[in-house]
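Here is a brief report on one protein model.

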Amino acid sequence: MKAVSRTRTRSLPGLLLALLVIALTAFAPQATAATGVSTIAAALRKSPVYVDPAAAAQLSTAEADTLARQIKDANKPLFIAVLPAGYPTANLFTDLRTATGVTGLYAVRLGDRFDARADSSVLSRTGVQNLVTSVQGEPVTTQLTDFTDRALTNLGGKAPATWGGGDSGGSGVSSTALITIGAVVVAGGAGAYALTRRNRRRREEEQQAALDRLRVVVDEDITAFGEELDRLEFHPAEPGADDAMRADYERALNAYDQAKQYMADARRPEDVRAVTQALEDGRFSLAQLAARREGRPLPERRPPCFFDPRHGPSVTDATWTPAGGSPREVPVCAADATRLADGRDPAIREVDTDQGRRPYWDAGPAYGPWAGGYFGGGVLPGLLIGTALGGWMSAPAYGADYGTGYGDFQTGGYQGGDLSGADFDPGDFGDFGGGGDFGGGGGDSGDFGGGF
C-alpha cells in the first residue's frame, strides 16, 4: 500500500503539468487564426479594431478596446488592423476591402510601418495621404490614436450596422479575462471618453462657426441667382418658346429651390458643397436657355468663372498669377477675359475675414466646400496652387478638417458603413506605385507602393 501511495504521489505533478498544457492549448491565441484576410475581415465586421495574435505585443487589448470604443462613439466607418511585420502585403488593401465588404477607411499597422486607404465616398485620396503622412514615424499607440482622432473629424458616412458587442481584437481571450480587463480599464476609459466628448464638442463649435460664416456668402450666391431668374423675363408660353427652352427654365428653377433647401438643411461646412453645385447647375441651364433664345450654338459645359462663380460658366481659359504665386491657366468669363487681356484686374469675389475683405481663396479652409461645389472633379486644387486655400488643401490639418469639400470626393455611390460587397473602385485601394512594396515609412508620402 505504501509503495502504491508513493507511486501516486510521484505521478501527481506530471498529471497537473499535463492538465496545464491542455488548458493553455485550449485558451491560447491560435497563430493561424489571423493568417487569412477573411479572418481579419470577419473580425472587422464585428468591431472596428483587429489585433493579430502575432502582433499582440504592439497593441494591448485595453488599448484596442479604447480605440474601438472611440470609433463606435463617433459612429464612423474606420477600420484598423494591427498585423505582424511578415504579413503579405500584395493586394492587401484591395483584398481586405473586398472581403469586408463595407465602405469606409481602412488603416493597417504592419510591424513598424503604417498605411491607409479609403473609398472616395467617405474620404478623398488626398485626405488619406495627408492623414497617413501626419502620423508617420510615431510609436504604435500614439500613431493609431492620432490617426483615429484626426480621421474621425473628417470621415464621411456612418458606422456599419454589423458592429455590436463583439471583441475588438479577435485575440481569443476568454470572456472572464475580458471582464477583468474591462474592470481595470473603466477608470482610465472614462477619462478618455470625457476627453473625446470635449474634443467632439469643440469640433462641433468650430464647424458651426465656419458654417455661420459660409452662410452669409452662400445667401449672397442664392440671392444673385434669384435676381438672374427675375431679369430673364422668360415665360414658358411666350411666342417662340419650345420644349427645350421650357426644360432649361424648369431645371434652373429647380436648382434655385434645391439650393435654398440644401442651405436650410446644412449642418456642417461640407454640406455647402451641394448648395453651390446646385447653383452651378442652374446657371448652366440659364446659359443654355439664353443660347436657344438667341439662336446661338449651345455652350460647352465648363467650370464657372474662377474669379467669381456668380459670373456664370466660363468661356475660355486665361493666364493668371496670384500674389507671390506662379502663373496658371484658370477658367474665366468673357468679361474677365477682356479685363485680363487689357492688363486690368479681374472682378474678384471677396468675402469677409478677421483681416477684412479678402479673395475667397485667401479666406480660410472653410471655403473649401463652397468652392468645391463650383469646381468639382479635382479641378480646384490645381487652380489654387500657391494660394492660401491651396496651401490648406495640401496640409495634413486641412485633410483632417475640410478635405471632403474638394478634389476627388464623390457624393454618389455607397456611403460609409454600407455593405457594398465588392462594388467599389479598386483604384482607391489598389496599386499606386508598383512593385508590391508597403507604403509609409520615410519615403514619398504620395507613393504607397503597389498592392498595398
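Cys333 is buried, at a relative accessible area of 6%. The structure shown is a predicted model.

**Cysteines**

How many disulfides does a search of the whole structure find? The count is 0. Cys305 takes part in no disulfide, and its nearest cysteine sulfur belongs to Cys333, 3.7 Å away. Seen from Cys333, the closest cysteine sulfur is that of Cys305, and 3.7 Å is too far for a bond. The cut-off for a disulfide is 2.5 Å between the sulfur atoms. Cys305 counts as buried because its relative accessibility is 0%.

| Cysteine | Relative accessible area | State |
|---|---|---|
| Cys305 | 0% | buried |
| Cys333 | 6% | buried |

**Helices α3 and α6**

Helix α3 spans residues 61–74, and helix α6 spans residues 140–152. They pack at an angle of about 0°, with axes 11 Å apart. That angle makes α3 roughly parallel to α6. Which residues of α3 meet α6? They are Glu63, Leu67, Gln70, Ile71 and Ala74. Their partners in α6 are Thr141, Leu144, Thr145, Thr148, Asp149 and Leu152. By type, the contact of α3 with α6 holds 5 nonpolar, 4 polar and 2 charged residues.

**Helix α11**

Helix α11 covers residues 367–374. Of its 8 residues, 8 are buried, so α11 is largely enclosed by the rest of the structure.

How values were computed:
Residues numbered from 1 in each chain as written. Predicted model: local features only at pLDDT ≥ 70, side-chain atom pairs only at ≥ 80, totals over all residues. Heavy atoms only, no water. Axes fitted to C-alpha atoms, helices over the stretch in contact; angles between N-to-C directions. Helix = DSSP H or I, 4+ residues; strand = E, 2+ residues; numbered from the N terminus. Parallel < 35°, antiparallel > 145°, perpendicular 65-115°, else oblique. Contact = heavy atoms within 4.5 Å. Nonpolar A, V, L, I, M, F, W, Y, C, P; charged D, E, K, R; others polar. Buried < 20%, exposed > 50% of the residue type's maximum accessible area, 1.4 Å probe, protein only.
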